[in-house]
Amino acid sequence: MSKIRITSFFQEEHTTPQRGAPSAWLNSRLAYGNLVKKASKGADQAAFARRDYPINYDDVTLPPWLPPRETVTAMHANLAPTVNLDFLDGYLFRLLQEIVEQRGVEGSGFFSYYNSRIERKLGGLSELEHQLALYLLAEFADRRVVHAGIGIGTLASALTCNGMKVAGVEYNAPRATSARQIRASLIAVWPEIEQRYEIFQGFFPDCLLSTDWFGQDAVLVFTNVGAGWDDVALDTIIRSMSRYGEVILDLRLFGSVRENENDRNALFDRIATIARSSERLPQIAKGAHMARFSFG
Ligand SMILES: C[S@@+](CC[C@H](N)C(=O)[O-])C[C@H]1O[C@@H](n2cnc3c(N)ncnc32)[C@H](O)[C@@H]1O
């Protein structure tokens, strides 16, 4: 039985995909996401995960912008244990569209923050999430990750799809529900994710206190948590850091928005005094002010 080679079309036709690229590339990403989702329904999941699941074309509606059936012959890298982040970007984008159709911009917890990814056709993963996922996968492949303030879990998806054990914490109920919906959709394609991705609804760190999601083998990550912590919450969160081996955060968006470099340096110094070592990570993404603190 023939297999679908989605990657060859993708690589040959679009060797340097860019976020926000014209519709041909975007459409092909969406088409792949739809195709995989559709094909995964009723599939032998173990065979699907091994990448040898034969797809019956009669069950799949190919959009007109996909190349003819005979040139689409074997799905490979996208379904391997390591999941290409550009592929995931398109898959998540389709999921985001579905969620907002079902539950609305407010009911889904998307608000303008996530809805702009749909309206502006940006994709499911932000540039920062993409770059940070690559960094975390390269530096901490054997560690667990706690993402505090997970939103709807797009960064967590990139990590768990690539083998990391992840706990996501989110206190906004509609966003936590959307994160669970995305998790369920990922599990439908990659069943092994069920064992390695947990979502907790509540405030970090309090809602993890009775769990085993502390430890020197874990990396604590914060992205884009720029609003909502008072001094007590900020103090509690900073004190919780020593219970982790490593902490990665954006100095600009951490409990409040620090537009001023002096304020970012003050936060860096405050955490650095309790950490074993600390460094700025300007290479992760332009415009972000990522920093790493080691406690282990
Ligand atoms: C602007 S969103 C960003 C989501 C995601 N981190 C990202 O970078 O796309 C920030 C989210 O963090 C959540 N949040 C902030 N502080 C939190 C805390 N201490 N515990 C749990 N959730 C938190 C908020 O509810 C919000 O959904």
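A: Start with the residue classes: Ala, Val, Leu, Ile, Met, Phe, Trp, Tyr, Cys and Pro count as nonpolar, Asp, Glu, Lys and Arg as charged, and the others, Gly among them, as polar. By these classes, the shell around the ligand holds 8 nonpolar, 6 polar and 2 charged residues. The model is predicted.

Q: Which residues are the closest of those that surround the ligand?
A: The shell has 16 residues, and the closest are Gly-149, Gly-151, Phe-204, Thr-223 and Asn-224.

Q: Why is Arg-117 called buried?
A: The cut-off for buried is 20 or more other C-beta atoms within 10 Å. Arg-117 has 21, so Arg-117 is buried. This residue lies in helix 5, residues 111–119. Beyond its neighbours within four places in sequence, Arg-117 is in contact with Leu-96, Leu-122, Gly-123 and Gly-124. Leu-96 is 21 residues away along the chain, and the two C-alpha atoms are separated by 8.7 Å.

Q: What makes Ala-158 count as buried?
A: Ala-158 has 25 C-beta neighbours inside 10 Å, and the cut-off is 20 or more, so Ala-158 counts as buried. Ala-158 is in helix 7, residues 154–160. Not counting residues up to four places away in sequence, Ala-158 touches Leu-85, Leu-88, Leu-125, Glu-129 and Ala-133. Ala-158 and Leu-88 are 70 residues apart in sequence, yet 7.2 Å apart from C-alpha to C-alpha.

Q: Which residues touch the most other members of the largest nonpolar core?
A: They are Leu-88, Val-145, Val-146 and Leu-159, in a core of 61 residues. Helix 4, residues 85–103, gives the largest share of this core, 10 residues. Leaving aside neighbours within four places in sequence, the contacts of Leu-88 are Val-83, Leu-125, Ser-157, Ala-158 and Cys-161. In soluble globular proteins, nonpolar side chains tend to be buried together. Over the chain of 296 residues, 38% count as buried.

Q: Why does Lys-121 count as partly exposed?
A: Partly exposed covers counts between the limits of 12 or fewer for exposed and 20 or more for buried. Lys-121 has 16 C-beta neighbours inside 10 Å, so Lys-121 counts as partly exposed. Lys-121 is in the loop between helix 5 and helix 6 (127–139). The phi of Lys-121 is near 50 degrees, a positive value in a residue other than glycine.

Q: What makes Asn-224 count as partly exposed?
A: Asn-224 has 17 C-beta neighbours inside 10 Å, which is why Asn-224 counts as partly exposed. Asn-224 lies in the loop between strand 4 and helix 9 (231–240). Although not a glycine, Asn-224 has a positive phi of about 55 degrees.

Q: Which sense is the peptide bond from Phe-204 to Pro-205, cis or trans?
A: Its omega is near 5 degrees, and the bond is cis. Pro-205 is in the loop between strand 3 and strand 4 (215–221). Most residues other than glycine have a negative phi, and most peptide bonds are trans.

Q: How do you know that strand 2 and strand 3 pair?
A: At least two bridges are needed for strands to pair. Strand 2 (residues 165–170) and strand 3 (residues 197–201) have 5 bridges, in the parallel sense. Gly-168 stands opposite Ile-199 in strand 3. With helix 8 (residues 173–189), strand 2 and strand 3 make a right-handed β-α-β unit.

Technical notes. Residues are numbered from 1 along each chain as its sequence is written. This is a predicted model: local features need pLDDT of at least 70, side-chain atom pairs count only at pLDDT 80 or more; totals for chains, interfaces and linings use all residues. A residue is near a molecule or strand if its C-beta atom, placed from the backbone, lies within 6 Å of it. Helices (H or I, at least four residues) and strands (E, at least two) are DSSP runs, numbered from the N terminus. A crossover is right-handed if, with the strands pointing away from the viewer, the path from the first strand over the helix to the second runs clockwise. A nonpolar core is a set of buried Ala, Val, Leu, Ile, Met, Phe, Trp, Tyr and Cys residues joined through C-beta atoms within 7 Å. Two residues are in contact if their C-beta atoms, placed from the backbone, lie within 7 Å.
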